[in-house]
Amino acid sequence: MFIEEVMQLIEITPFEQALVGLPCVNGLSIEQYKRLTVLIEHVAIPSISFMDEPISGLDARAAAIVMRTIRNMVDTGRTYSCLDDQSTLY
């Protein structure tokens, strides 16, 4: 039940039967991979999660989805620390 709840928060439920393969070839897109990475990190229940460049390589739409995903995780009371390519903490 916990994993299903997190999948809903991350908005990855529509892809729960998708293959995890090569991006854009036979599996998840790059943006979906990044959201899956957030899911895996969140399910491990760390006290703090560090993410290095969580939106690198994404277009504006995909970056907004990934950041909304991280925001949803923060709203559950978890701590996330994200660094971008200029080492700016946000």
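This briefing describes the salt bridges found in the structure above. The model is a predicted one, and a search of the whole structure finds three salt bridges in it. Side chains of opposite charge can pair when their charged atoms come close.

**A pair between distant parts of the chain**
- R68 and E11 form a salt bridge in which the closest N and O atoms are 2.5 Å apart.
- This pair links distant parts of the chain, since R68 lies in helix 3 (residues 60–74), whereas E11 sits in the loop between helix 1 (2–10) and helix 2 (30–43), and the two are 57 residues apart.
- R68 counts as partly exposed, with a relative accessibility of 40%, and E11 is likewise partly exposed, its relative accessible area being 29%.

**A pair within helix 2**
- The side chains of E31 and R35 also meet in a salt bridge, with an N to O distance of 2.6 Å.
- Because E31 and R35 are four residues apart in helix 2, about one helical turn separates them.
- E31 is buried, with a relative accessible area of 8%, and R35 also counts as buried, at 4% relative accessibility; both values fall under the 20% cut-off for a buried residue.

**The pair of R71 and D75**
- R71 forms a salt bridge with D75, and the closest N and O atoms of this pair are 2.9 Å apart.
- D75 counts as exposed at 53% relative accessibility, whereas R71, at 48% relative accessibility, counts as partly exposed, because the exposed class begins over 50%.

Notes. Residues numbered from 1 in each chain as written. Predicted model: local features only at pLDDT ≥ 70, side-chain atom pairs only at ≥ 80, totals over all residues. Heavy atoms only, no water. Salt bridge = Lys/Arg side-chain N within 4 Å of Asp/Glu carboxyl O. Buried < 20%, exposed > 50% of the residue type's maximum accessible area, 1.4 Å probe, protein only.
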